[in-house]
Amino acid sequence: MPTIYSQTYFVFLFIMYGLLSACGAGGNASNVDKTITLDDFIWPPVAGNATAPFNSAFPFLQFIPTLDLTQLKTASQGREFFIGRWTAAPGPRTLFDGLGPLSIASACADCHLLSAGRAASLQANGQIGVGLLFRLGDTQGNLDPYYGGQLQTAATIGLSEGQVSWSFNDSDQPIFTLLTHGPALAQGIHLGPRLSPQLVGIGLLDLVPPEEILNLEDPDDQNADGISGRAHWLEVEGQLMLGRFGWKAMQPTLRHQSAGAMQQDMGLTTSINPTEPCTMQQTVCAEQPNGGTPEVSDNTLAAVNDFLTLLAVPERRVQNAQQFNQGADIFESIGCAHCHQPTLTTGQSKKYPLLSHQLIYAYTDLLLHDLGEALSDNVREGDADPSEWRTPPLWGLGLVEAVPGSRFLHDGRAQTLEQAILWHGGEALQSQQKFKALTAAQQHILLAFLRAI
Ligand code: HEC
Ligand code: HEC
């Protein structure tokens with residue numbers, strides 16, 4: 001019996017067997033037994049120690065199974081801040097006040113659903129759900145002088161900055177229309193749509209050493225494979241840091257990412273971002289009482305990040321081991337793996353040693369790639385061109401697809417994983433063409449693989 005076969009996986013099988021029998025589908029369960037043999041399925045767990053059995057109700061809210069009581073307590077406290085609803089200051093709960101005056105949502109979990117992963121975005125009636133927000137910028141990286149770098153669509157007092165609606169154009173690209181509640185956007189400023197991603201294994205991605213990511217860079221395409229991933233270098237507090245979070249890798253660490261979300265999405269100040277998301281011309285921030293200086297303490301910020309760090313990655317949902325292995329081969333052979341690198345290894349974590357040196361199957365290189373004109377939005381962020389995007393991790397994405405209304409790619413234009421692949425251009429054009437050239441059966445196997453990872 002190959003020992004590499006993960007214990008978690010046995011637990012998963014056991015639970016699946018229970019679930020299937022419970023719905024009166026015991027016959028399928030014996031199929032599962034027959035097709036997944038130990039000889040076929042020899043993959044290590046998807047995220048090492050941070051892997052948890054799949055939980056169908058809250059796939060994105062499983063703590064790492066081996067946490068001790070102290071760690072569980074830390075994670076549970078952080079969860080309160082993540083799911084808790086923040087209110088304008090002064091509010092009844094001082095730990096939770098300071099929202100706005102400009103914001104988009106009042107809880108992290110409004111956009112990062114712990115059940116479904118992605119909140120509603122492009123809605124059938126032409127409205128935009130909270131799961132899609134908008135950067136404001138031009139092709140040179142300038143922000144809007146009045147509204148700043150992000151549109152806040154809610155306000156605790158007075159009017160928000162504006163509302164966006166959408167429709168598809170003839171090429172099935174979403175076109176966005178902004179109705180501002182103040183001056184029009186400055187000349188050349190565009191809307192940069194950003195879909196809220198599912199948060200899977202975010203603490204593990206935070207721990208991947210920069211050298212490991214930089215090793216995957218090939219900015220001048222020296223190996224002539226048409227793919228030239230490059231790092232997004234950011235200047236943060238006077239220091240050069242490697243960007244890794246967000247669709248354009250605009251944030252270097254989980255701490256910076258969460259603090260950025262607090263400021264831009266919720267109007268909450270932190271020691272990292274001590275100002276409200278108002279420009280000089282927007283006086284409402286200065287006129288309203290704040291919820292402390294800063295509104296979110298370093299302890300609260302750390303608790304939120306501990307929570308996200310101690311969340312487990314759902315184990316693979318493999319139905320057929322042979323097909324899973326074939327899917328992995330196709331994924332490699334048509335070039336998906338050039339960017340969606342199957343594995344990375346975490347570095348050392350002093351705070352959580354159980355996360356150190358873990359082999360993780362995230363399917364990303366965390367680098368920027370040019371995905372072609374059709375995916376450009378005319379907004380430059382930092383050093384990332386309008387058509388450059390950070391390879392998104394693919395683990396858990398099948399769970400997102402299974403939820404009706406879920407959407408893919410940075411602006412949510414794709415409704416299925418297949419549509420997402422077909423939009424790949426630029427550096428990924430060859431790979432997309434190879435996908436199209438597969439037989440229907442091969443495409444089916446590749447998609448089943450993506451749904452299982
Ligand atoms: C209004 C919706 C919204 C709210 C509220 C929100 N986020 Fe996000 N979050 C997003 C979007 C959109 C992105 C992608 C941002 C980008 O591309 O730059 C994101 C990205 C992230 C990422 C990086 C994910 C990745 O794969 O790189 C983390 C971590 C994160 N958010 C944490 C938080 C935390 C913590 C909070 C609460 C303090 C929060 N978010 C509140 C919409 C939201
Ligand atoms: C050149 C690098 C590259 C290659 C090759 C590539 N991808 Fe991607 N992939 C990306 C980037 C970058 C994005 C994000 C683009 C965007 O949102 O506009 C992406 C997005 C996706 C998404 C949607 C993710 C989400 O979170 O919504 C899926 C699914 C996906 N890729 C699968 C594949 C598959 C399957 C292949 C092989 C056929 C492939 N990709 C080849 C870079 C690449």
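This is a predicted model: local features need pLDDT of at least 70, side-chain atom pairs count only at pLDDT 80 or more; totals for chains, interfaces and linings use all residues.
**Exercise 1. A tryptophan and its surroundings**

Leaving aside its neighbours within four places in sequence, which residues is tryptophan 395 in contact with?

*Solution.* 

Step 1. Set aside the neighbours within four places in sequence, and tryptophan 395 is in contact with Val46, Ala47, Gln198, Val200, Gly201, Leu204, Leu205, Val313, Ile360, Tyr361, Ala362 and Ile453.

Step 2. Now look at the largest nonpolar core, which has 105 residues. Trp395 is among those with the most contacts inside this core, together with Phe176, Phe331, Phe449 and Leu450.

**Exercise 2. The iron of ligand 1**

Find the protein donor of the iron atom of ligand 1, then describe the shell around this ligand.

*Solution.* 

Step 1. His112 is the only protein donor of the iron atom, through NE2 at 2.0 Å.

Step 2. Locate that donor along the chain. Histidine 112 sits in the loop between α4 (108-111) and β3 (132-137).

Step 3. Ligand 1 is surrounded by 29 residues, and the closest are Cys108, Cys111, His112, Gly246 and Trp247. Cysteine 111 counts as buried because its relative accessibility is 12%, and the cut-off for buried is under 20%.

Step 4. Sort the shell by element. At least two residues each come from α4, β3, β7 (190-195), α7 (254-266) and α9 (298-309). The element that gives the most is α7, with 7 residues.

Step 5. The side chain of arginine 135 has an N or O atom 2.9 Å from an oxygen atom of ligand 1. For arginine 390, a side-chain N or O atom is 3.1 Å from an oxygen atom of the ligand. With aspartate 265, the ligand atom is a nitrogen, 3.2 Å from an N or O atom in the side chain.

**Exercise 3. The disulfide**

Which cysteines does the disulfide join, and why is it right-handed?

*Solution.* 

Step 1. The structure holds 1 disulfide. Cysteine 278 and cysteine 285 are its partners, with an S to S distance of 1.9 Å.

Step 2. Read the torsion about the S-S bond. For cysteine 278 and cysteine 285 this angle is about 75°, so the disulfide is right-handed.

Step 3. Check burial. Cysteine 285 counts as buried because its relative accessibility is 13%.

**Exercise 4. Backbone details in the loops**

Locate two cis peptide bonds, then two non-glycine residues with positive phi.

*Solution.* 

Step 1. One cis bond joins alanine 89 and proline 90, with omega about -10°. Another joins glycine 100 and proline 101, with omega about 5°.

Step 2. Turn to phi. Aspartate 172 has a positive phi of about 60° and lies in the loop between β5 (162-168) and β6 (174-180). Alanine 249 has a positive phi of about 50°, in the loop between β9 (239-243) and α7.

Step 3. Are these two buried or partly exposed? Aspartate 172 is partly exposed, with a relative accessible area of 48%, whereas alanine 249 is buried, at 0%.

Methods
Residues are numbered from 1 along each chain as its sequence is written. Chains are lettered from A and ligands numbered from 1 in the order in which they are written. Side-chain values use heavy atoms; hydrogens and water are left out. Donors are N, O and S atoms within 2.8 Å of the metal (3.2 Å for Na, K and Ca); water is not among the atoms, so sites may look incomplete. Helices (H or I, at least four residues) and strands (E, at least two) are DSSP runs, numbered from the N terminus. A disulfide is a pair of cysteine sulfur atoms within 2.5 Å. Buried means under 20% relative accessible area, exposed over 50%, partly exposed in between (1.4 Å probe, protein chains only). A nonpolar core is a set of buried Ala, Val, Leu, Ile, Met, Phe, Trp, Tyr and Cys residues joined through side-chain atoms within 4.5 Å. Contact means heavy atoms within 4.5 Å. A residue is near a molecule or strand if one of its heavy atoms lies within 4 Å of it. A polar contact is a pair of N or O atoms within 3.5 Å; within protein, one must be able to donate a hydrogen and the other to accept it, and residues adjacent in sequence count only if both atoms are side-chain atoms.
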